Amino acid sequence: MFSDRVDFDLQKNQLTQVLEQKREQGTEVIDLTLSNPTQAGIRYPEEELKEALNESCSFHYAPDPRGLRKAREAVAQYYADRSCSVDPEDILLTSSTSEAYAFLFKLLANPGESVLIPRPGYPLFDYLAAMESVRGVPYTLHFDERWVIDLQELQEQVTQDPRALLVVSPNNPTGSFVSKADWTEIAELCSPRSIPVICDEVFFDYPLNGTSRGFDPVAHSDFPSFFLNGLSKTAGLPQLKLSWILIRGPENFRESVRPRLELISDTFLSVQTSVQEALGRILELAPQVQRQILERIRMNLSTLRSIVANTSVDCLRLEGGWNAVLRIPRTLGDEEWVTALLEEVNVLAHPGYFYDFPGEGFLIISLLPPPDDFNRGVESMLDLISHRP
Ligand SMILES: Cc1ncc(COP(=O)(O)O)c(C=O)c1O
């Protein structure tokens, strides 16, 4: 009765079952996987946001499938603030980054064709690809003091006619920004073969080392490429459901993409009007939220580094984003570690395989939880790991 697109294992895994039991029993669980900024004790400029959304509430509906011009101009301003000049005509609004991927897969790939996705990487890619009947083929990031793309493997993979290459910068969960060298190599591999690059920058505004974000790929995108971002991370407001696609590359590429993406978007018209009307003001307020999140993730990272220093746990070098990767002893499998953490010390962490790490020995934790919870959670985690033979 059902299509292969939803042929996933729908059983609750053991970790979810233990978690539900704990919550039913009223046990306090420290959630080191928290990724929802609205539940992390961030102070939002609520009055200003309410005012902006109230003022923009309209009973008149005049949709533009690309998004209202004034909203696209606000997004262009976001890039101008990054010293990148972009044309609002090359911007298309979506209701989420997930929807942006769905639109781009519809645009670029026929059923059964493939897109290259980073591994380790964001778990939703497998689902997003499957929902569009597209195959996600992983390319590898190796850790060697920092995360680097396996370019030799990628050179081979681009010859297999993938319909797009996904780059996530900074990548979730490895926290690695795409380097200028990797970006140049990617352009050289993809551009002659007309393989568009989709660059997901949802964590771009969250660099962990100092204030500089370093290299900006948008400023170096004269080949067919798309950039994705949105309010969910940039303004810490996932509930407003507004993201965007920026089209980059030669004029003839952008001209051929625009009407096709517009057709896809016109079929759904999914972005609500008042959030579009208020977007300029929301993006003006976003730095207030970004500053707090940056302070939070930097503080938690520093706590984490000092707790794991000189232990059997290693926090891998991170450049940006909200997650940290921990290398842990392989005396237990990752699944066994996370189950033990939850069952014995009431701490929730993600196993590496959740993000498609190739082997055992990795845990992923979020840097977003309130500092007290984070501190207690990491201390308990370390206590358990260091006392387990
Ligand atoms: C790499 C990456 N892309 C996209 C998203 C989702 O963004 P959105 O809420 O806009 O769909 C996430 C969420 O964590 C993510 O990690």
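Select α11 (residues 279-308) and α13 (residues 371-387) in this predicted model. α11 passes α13 in a right-handed crossing, where right-handed means that the near helix is turned clockwise from the far one by less than a right angle, and left-handed that it is turned anticlockwise. The two axes come within 10 Å and cross at roughly 25°, which makes α11 roughly parallel to α13. Axes are lines fitted to C-alpha atoms, for helices over the stretch in contact, and angles run from 0 to 180 degrees between N-to-C directions. Angles under 35 degrees count as roughly parallel, over 145 as roughly antiparallel, 65 to 115 as roughly perpendicular, and the rest as oblique. Helices (H or I, at least four residues) and strands (E, at least two) are DSSP runs, numbered from the N terminus.

Show the side chains next. On α11, pick R296, M299, N300, T303, L304, I307 and V308; on α13, pick P371, F374, N375, V378, E379 and L382. These residues form the contact, meaning heavy atoms within 4.5 Å. By class, the contact of α11 with α13 has eight nonpolar, three polar and two charged residues. Here Ala, Val, Leu, Ile, Met, Phe, Trp, Tyr, Cys and Pro count as nonpolar, Asp, Glu, Lys and Arg as charged, and the others, Gly among them, as polar.

Two notes apply throughout. Residues are numbered from 1 along each chain as its sequence is written, and side-chain values use heavy atoms, with hydrogens and water left out. Since the model is predicted, local features need pLDDT of at least 70 and side-chain atom pairs count only at pLDDT 80 or more, while totals for chains, interfaces and linings use all residues.

Now go to α1 (residues 14-24) and α12 (residues 334-345), whose axes come within 10 Å and cross at roughly 5°. α1 and α12 are therefore roughly parallel to each other. Q14, L15, V18, L19 and K22 of α1 meet V338, T339, L342 and E343 of α12. Five nonpolar, two polar and two charged residues make up the contact of α1 with α12.

The next pair is α4 (97-108) and α9 (residues 251-268). Their axes come within 10 Å and cross at roughly 125°; α4 and α9 are therefore oblique to each other. The crossing of α4 and α9 is right-handed. Select F103, L104, K106 and L107 in α4, which meet V257, R260, L261, I264, S265 and F268 in α9. The contact of α4 with α9 has seven nonpolar, one polar and two charged residues.

Keep α4 on screen and turn to the largest pocket, to whose lining α4, β3 (114-119), α5 (124-131), α8 (231-234) and β14 (362-366) each supply at least two residues. On a 1 Å grid over the protein atoms alone, a pocket is an open set of points with protein on both sides within 12 Å along at least five of seven lines, a cavity is a set of points where a 1.4 Å probe fits but cannot get out, and lining residues have an atom within 4 Å of a point. Grid points are joined across faces, edges and corners, and a volume is the space filled by probe spheres set on the points. The largest pocket has a volume of about 1200 Å³. Of its 48 lining residues, Y122, P123, L124, N172 and F354 are the closest to its centre. α5 gives the most to this lining, with five residues. The lining of the largest pocket divides into 24 nonpolar, 17 polar and seven charged residues.

Most residues other than glycine have a negative phi, and most peptide bonds are trans. Zoom to P120, in the loop between β3 and α5: the peptide bond from R119 to P120 is cis, with omega near 0°. P173 lies in the loop between β6 and α7 (180-190), and the bond from N172 to P173 is cis, with omega near 15°. S133, in the loop between α5 and β4, has a positive phi, near 55°.

The whole structure has three cavities of 30 Å³ or more. The largest cavity has a volume of about 130 Å³. Among its 17 lining residues, P63, D64, L269, V271 and Q276 are the closest to its centre. The second largest cavity holds about 100 Å³ of space. Its lining has 13 residues, with L141, I149, V168, S176 and V178 nearest the centre.
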